[in-house]
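Reader: I'm new to this one. Can you put it up and walk me through it?

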Number of protein chains: 2
Amino acid sequence: MSKPGTARDPGGDAATLAAGRLTGFLRGDLGIDGPVAMHEPSFEGNEWAYVKDCLDSGWVSSAGAYVERIERMTAKACGAAHGVAVVNGTAGLHAALLAVGVGADDLVVCPALTFIATANAVSYCGAQPLFVDIEPATGAIDPAGLAALFESECAAGPNGLVHSPSGRRVAAILPVHLFGHPADMAALNALAGAHGLPVVEDAAEALGSRYRDRGCGSLGTAGVISFNGNKTVTTGGGGVIVTDDAGLAERLKHLTTTARVADRWWFDHDDVGFNYRMPNINAALGSAQLEQLPAFIRRKRDLATRYRALFGDIAGVEMFAEPAGCDSNFWLNALMFESARERDDFLGLTHDAGIETRPCWRLIPDTAAYEDAPRAGDLGVARSFVERLVNIPSGPRLLRPAAG
Amino acid sequence: MSKPGTARDPGGDAATLAAGRLTGFLRGDLGIDGPVAMHEPSFEGNEWAYVKDCLDSGWVSSAGAYVERIERMTAKACGAAHGVAVVNGTAGLHAALLAVGVGADDLVVCPALTFIATANAVSYCGAQPLFVDIEPATGAIDPAGLAALFESECAAGPNGLVHSPSGRRVAAILPVHLFGHPADMAALNALAGAHGLPVVEDAAEALGSRYRDRGCGSLGTAGVISFNGNKTVTTGGGGVIVTDDAGLAERLKHLTTTARVADRWWFDHDDVGFNYRMPNINAALGSAQLEQLPAFIRRKRDLATRYRALFGDIAGVEMFAEPAGCDSNFWLNALMFESARERDDFLGLTHDAGIETRPCWRLIPDTAAYEDAPRAGDLGVARSFVERLVNIPSGPRLLRPAAG
């Protein structure tokens, strides 16, 4: 193991050096003894008070006051006008895709590298993902590649853009802000506008990230935030769909609450709706968490700065940086090695040291579930990420100030 | 208003008498001053301790210890071998139907009178409900009517039973234990067995109900319990699927947890799965609630006994009784009037008195969402329930012993 912070271009292989630096930082500088998880939640505010208030009031289920509060708080955090709370981010993506008009046999443009929920939400609509490559600088959909695909393999039809190889309509673009780093939304929105396509942002990982002074989630037609247990703030499980479109928000609320028609006591339903409501007890936890969002984001950005200094002089490894013009929430910090062998060495060394690290996901089009879905080109950048990338511990507890 | 408990066949109309008795009982005998809700949860045990344990441990999300605990406790309460926790009852029904083989364009036999989730779960599979009538004694699917339907309008095909008018395969029977009263499961299971059909019990309302000494949920191929905020025990929102079939339980766990293939750190998925996990914080709340299930059931059955005495001598109104050979949990007590006019009078009088009462749902095949779904006959018994039935307050708090 190398001594941290001594040499400008220290000898030794990148994996051993980086693992040694990470271990020294977490064990030495931060003084953490036990196992270090990838992203643990941190409950430092009104979590107990709000959850207890829920239990005391008996309002643990849906339609409680905290549900409205978390909707308002999330919309505000994203800079959007409306928020609709849902049971998790997957449910939010499904509802958002339906609400912007994705239907059976349609295609939705998805990055090849993302968590499976992105693609599954498309499948739940009866549609298929059309997998495209990512760009190296953002880790998100490559707008130039997508423009070329629209140019070469798609054509305008009577009901919109048609993907010629499959004969299916392209119904939406679904960019993912990978690890919290904003996609190139200006370029993607311009492309979507030119072809009349709605954009649903999968901002599951990007709460608090900013793209040119606007919050992720508020940049497309609708955006979906996740509050899963591994996210920057958590409700246990949950999410909020944000949008500036009042009509769309109303439609989303209707669809996610069984499509019930308002009445004093009769239950009538004008559509096949969903039970995608967030329970009040989860909203209470999340409301308390959201109060701490600015502090968590500051701490996570500080951690990224310290990681950049820690690994900056090691040849053969690069910290994934926030895209130009953006302020990332650095949900998960990532290192990029030059080869899969080095990345795997790093994974083994860190796990042996009790530090959770992990590669990103397999490409979704390479999973058995999506082997038949259409894709564009060789997805070479995404494949390179799968080979070389590793996420390192990034939770808001790591730089939590000592209780005083 | 009448004086409660004085006359054997008091004068006055049934609605006025019954409303007066109910008001006198709740305001006088039970001493409740404020609004009375239909079914409020009651947190009297380890709810706060377990939820706080969750927050203290940081394990609020999925895969926590309370998730396994609620699965074991629910399976035991139902008398089933396995339990799979899910995010709500609707999700549980969807997963259970998929797991027993319901697919696109199939039909699933459903009662016409139930909450919309029963039918929606069928729709999520790409299938359609085949609506049938209920029997007066149980409020659940009428087995004789179903046998007649299978005889007259269905025929054996190469892939199973085919409904001749629609040309679709009948893929499962989905009985609902209405308001907690068990369906005639022996007759329905016999019919299912004769035609090779799986039975998924919608036991959302029937936790703790017993049919001939067996728990509801454990009587079919799989059964689904709901822990929504208005149920006998609650997790805020959540459910558990129970089954005796180990292979089915494994398949359900896989399907409800994104169909991820086990691996140290790679995410691979062999199917389009679902994010239907119950968060640990909700499981913690539910585990504490389940410890109190026997006490809640005793209290709810006591309440039903007191209601029976309260309304027993009023001509023109009947208490809905538990079916022969069954011990109902009396999730929601119901009164049956002789006409819609009297039922509506009762609704108005009780709401004016601050007491929540409500009719049952509209028939699902009469909603806009399901107007095109196939149905058998005139659904006369179910229609009569919609006209004449009203639910009255039934929660476990009503007979809660005074804190001492």
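**Core, domains, helix and interface**

Author: Start with Val108(A): apart from neighbours within four places in sequence, Val108(A) is in contact with Leu97(A), Val102(A), Val122(A), Ala127(A), Pro129(A), Leu130(A), Ala171(A), Ala172(A) and Leu174(A). Contact here means that the C-beta atoms of two residues, placed from the backbone, lie within 7 Å.

Reader: Before going on, what kind of model is this?

Author: This is a predicted model, in which local features need pLDDT of at least 70 and side-chain atom pairs count only at pLDDT 80 or more, while totals for chains, interfaces and linings use all residues. Residues are numbered from 1 along each chain as its sequence is written, with chains lettered from A and ligands numbered from 1 in the order in which they are written.

Reader: OK. How many residues does the largest nonpolar core have?

Author: The largest nonpolar core has 275 residues, and Leu97(A), Val108(A), Leu97(B) and Val108(B) have the most contacts inside it. Such a core is a set of buried Ala, Val, Leu, Ile, Met, Phe, Trp, Tyr and Cys residues joined through C-beta atoms within 7 Å. Buried means 20 or more other C-beta atoms within 10 Å of a residue's own, exposed 12 or fewer, and partly exposed in between, with C-beta atoms placed from the backbone.

Reader: Switching topic. Which domains does chain A have?

Author: Domain 1 covers 14-38 + 293-392 and domain 2 covers 47-291; the bounds come from an automatic or database domain assignment. Their contact takes 33 residues from domain 1 of chain A and 42 residues from domain 2 of chain A.

Reader: And chain B, what about α10(B)?

Author: Helix α10 of chain B, residues 293-311, has 19 residues and reaches 27 Å from first C-alpha to last, close to the 27 Å expected, which is 1.5 Å times one less than the number of residues. Helices (H or I, at least four residues) and strands (E, at least two) are DSSP runs, numbered from the N terminus.

Reader: Which of its residues are buried?

Author: Among them are Phe296(B), Ile297(B), Leu303(B) and Phe311(B). The buried residues of α10(B) fall within an arc of 165° seen down the axis, so they line one face of the helix; the arc is that of the directions from the helix axis to the C-beta atoms. Pro294(B) and Thr305(B) are exposed, on the face turned away from the buried side.

Reader: Last one: how many residues do the chains put into their contact?

Author: Chain B gives 51 residues and chain A 51 residues. On the chain B side, α2(B) gives the most, with five residues.
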